[in-house]
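Trainee: I am new to this structure and would be grateful for a close look at a single part of it. Please begin with the overall picture and then turn to the aromatic rings and their surroundings.

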Amino acid sequence: MSTLPGFLSVRVLRGINLVSRDAKGSDPYVVLNLDGQKLKTGVMKKTVNPIWNEDLTLAVLDAAAPIKLEVFDKDTFSKDDEMGDAEFDIEALMQIIKMDLEDIRSGTVVRTVRPGKNSCLADESHIIWENGQVVQDLLLKLRNVETGVVHLQLKWVNIPGNLREIVSFRLALNGTGRCSCS
């Protein structure tokens, strides 16, 4: 898929039936990784069913790059415990972004992505045209752990402007996902 730079708004909604890593319950938080960018949610105290409802925004230079999600249990006096991980891509979302959807009624399911053999999807994922935006809800089954699902909502944010601005954006990010501007 060709590169279509922009921003991906990821709303980390909640965790469902996460594994307990401490005797008094876990203190989970989520980390998203994409092309050197690392973003974290806040820590939810003593729960295996956290509700974060936090927005994290990733700069996307390559729509084909997978996004890694990790869940950790925050520990005070030792290394944080792993609570599982998952990967997802935004290729289906990007295909829909390129379509002209202005004449479609808000709330319309434009595409359904089904879980595959190597997919972390826990259930079907619907891409919906809602209030002038393309929105995708994901339920991700965590790997390398006994139990746990994380619920996300994705929205694409276009970079306004012409090609020169896009090239400047790429140079500013210097391929790391972090601005090297002074």
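Mentor: The secondary structure of this protein, seen here in a predicted model, consists of two helices and ten strands. Read from the N terminus, the elements follow the order β-β-β-β-β-β-α-β-β-β-β-α. The protein has 182 residues, of which 43% count as buried. Among its contacts with a separation of 6 or more, 57% are between residues 24 or more positions apart. The protein exposes about 10,100 Å², and carbon and sulfur atoms supply 48% of that area.

The part to be examined involves an open sheet of four strands, ordered β3-β2-β5-β6 and paired in antiparallel fashion. Its edge strands are β3 (37-40) and β6, each of which pairs on one side only. From one strand to the next, the twist averages 20°. Strands β5 and β6 run antiparallel and are joined by six bridges. Across from D85 in β6 stands E70.

We may now turn to the rings. A search of the whole structure finds one aromatic pair. The rings belong to Y29 and F72; their centres are 5.7 Å apart and their planes lie at 25°. Planes under 30 degrees apart count as stacked, and the pair is therefore described as stacked.

D80 is located in the loop between β5 and β6 (81-88). Its relative accessibility is 18%; since buried means under 20%, D80 counts as buried. The side chain of D80 makes a polar contact with the side chain of Y29, at 2.6 Å. The D80 side chain also reaches the backbone nitrogen of D75, at 2.9 Å. When neighbours within four places in sequence are left aside, the residues in contact with D80 are Y29, F72, D73, K74 and D75.

How values were computed
Residues numbered from 1 in each chain as written. Predicted model: local features only at pLDDT ≥ 70, side-chain atom pairs only at ≥ 80, totals over all residues. Heavy atoms only, no water. Phe/Tyr/Trp six-rings, centres within 6.5 Å; stacked < 30°, edge-to-face > 60°. Buried < 20%, exposed > 50% of the residue type's maximum accessible area, 1.4 Å probe, protein only. Polar contact = N/O pair within 3.5 Å; in protein donor to acceptor, adjacent residues only side chain to side chain. Contact = heavy atoms within 4.5 Å. Areas by Shrake-Rupley, 256 points an atom, 1.4 Å probe, with all protein chains shown as cover. Pairing = 2+ DSSP bridges. Axes fitted to C-alpha atoms, helices over the stretch in contact; angles between N-to-C directions.
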